[in-house]
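Subject: Structure handover

Hello,

Here is the structure I promised. Please open it alongside this message. My notes follow below it.

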Amino acid sequence: MEVPPALMRVLADPANVLARGLADIRVEYQVPATFPADVLAEAERAAARPPTDHADWTDRAFVTLDPASATDLDQAFAIARAGPDMVLHYAIADVGWFVADGSQLDAEAWHRGTTLYLPDGKAPLYPPCSAKARRACCPTCRGRRWCSACGSIGKGRCGSTA
């Protein structure tokens, strides 16, 4: 829906009141601005690990529902015929494979709890260098992903094929 120009307003904030207010909120609620160096180093090592012990489905035509500008392609699907039936394959980035239980990266993620989205940016759950793990469904990425399948059996009934 396009907003009529008469309803648009420009917010002028030459004194940076909004930016200072958002910074104060980050301090008050202890929103982390950076990651500890040891967590960043561990994330770099984890992101560099080649995917192992998985089936290579890069020859299948998965698609995402994300807009073209999306940078976090972590989910995708494919639909294929299986005789008279259709099979839905769903893939999601397997971040857990990259983040070892009990590691410093794991502890930092538990400490943060979630990605915090703010009007002027975000405080991510994982370091940016671990983005390779989250972008596993990117067409040019060979990241590890977890896949499941659900088949339409006969007249639209759904049954698991995995």
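How many residues does helix α2 have, and what distance does it reach from its first C-alpha to its last? Helix α2 runs over residues 37-48 and has twelve residues. Its reach is 17 Å, close to the 16 Å expected at 1.5 Å a residue. Keep in mind throughout that this is a predicted model.

Overall layout

The protein chain has five helices and six strands. Along the sequence they follow the pattern α-α-β-β-α-α-β-β-α-β-β. There are 162 residues in the protein chain, and buried residues make up 29% of them. For contacts with a separation of 6 or more, 60% come from residues 24 or more positions apart. The protein chain exposes about 11300 Å². Carbon and sulfur atoms supply 60% of that area.

Helix α2

Back to α2. Its buried residues are V39, E42, A43, A46 and A47. They sit on the same side of α2, because they cover an arc of only 135 degrees around the axis. The other side of α2 has A37, R45 and A48, which are exposed.

Helix α4

Helix α4 spans residues 104-112. Which of its residues are buried? They are L105, D106, E108, A109 and R112. Their arc around the axis is only 165 degrees, so they too lie on one and the same side of α4. W110 and H111 are exposed on the other side of α4.

What covers the buried residues of α4? The cover includes α2 and β4 (121-123). After α4 comes G113. The phi of G113 is positive, near 85 degrees.

Salt bridges

How many salt bridges does the structure hold? It holds two.

D120 has a relative accessible area of 46%, so it is partly exposed. R26 is at 23% relative accessibility, so R26 also counts as partly exposed.

The other salt bridge is between E108 and R112. Here, too, the closest N and O atoms are 2.8 Å apart. How are the two residues placed in α4? They are four residues apart in helix α4, so about one helical turn separates them. Are these residues buried or exposed? E108 counts as buried because its relative accessibility is 13%. R112 has a relative accessible area of 11%, so R112 is buried as well. Both residues were listed above among the buried residues of α4.

Surface patch

Which residues form the nonpolar patch on the surface? They are I79, M86 and L88. Together they have about 250 Å² of accessible area. L88 is found in strand β2, residues 85-93. With a relative accessible area of 37%, L88 is partly exposed.

N16 is not a glycine, yet its phi is positive, near 55 degrees. N16 lies in the segment before α1. N16 is partly exposed, with 44% relative accessible area.

Q30 is not a glycine either, and its phi is positive at about 55 degrees. Where is Q30 placed? Q30 is in the loop between α1 and α2. At 69% relative accessibility, Q30 counts as exposed.

Where to start

α4 has a buried side, and α2 is part of what covers its buried residues. The salt bridge between E108 and R112 is in this helix. Finish on the surface with the nonpolar patch of I79, M86 and L88.

Best wishes

Terms used. Residues are numbered from 1 along each chain as its sequence is written. This is a predicted model: local features need pLDDT of at least 70, side-chain atom pairs count only at pLDDT 80 or more; totals for chains, interfaces and linings use all residues. Side-chain values use heavy atoms; hydrogens and water are left out. Patches are made of residues with over 30% relative accessible area and no salt bridge: like charges are joined within 9 Å, nonpolar side chains (Val, Leu, Ile, Met, Phe, Trp, Tyr) within 5 Å. Accessible areas come from the Shrake-Rupley method with a 1.4 Å probe; for residues, only the protein chains shown count as cover. A salt bridge is a side-chain nitrogen of Lys or Arg within 4 Å of a carboxyl oxygen of Asp or Glu. Buried means under 20% relative accessible area, exposed over 50%, partly exposed in between (1.4 Å probe, protein chains only). The expected span of a helix is 1.5 Å times one less than its number of residues. The arc is that of the directions from the helix axis to the C-beta atoms. Contact means heavy atoms within 4.5 Å.
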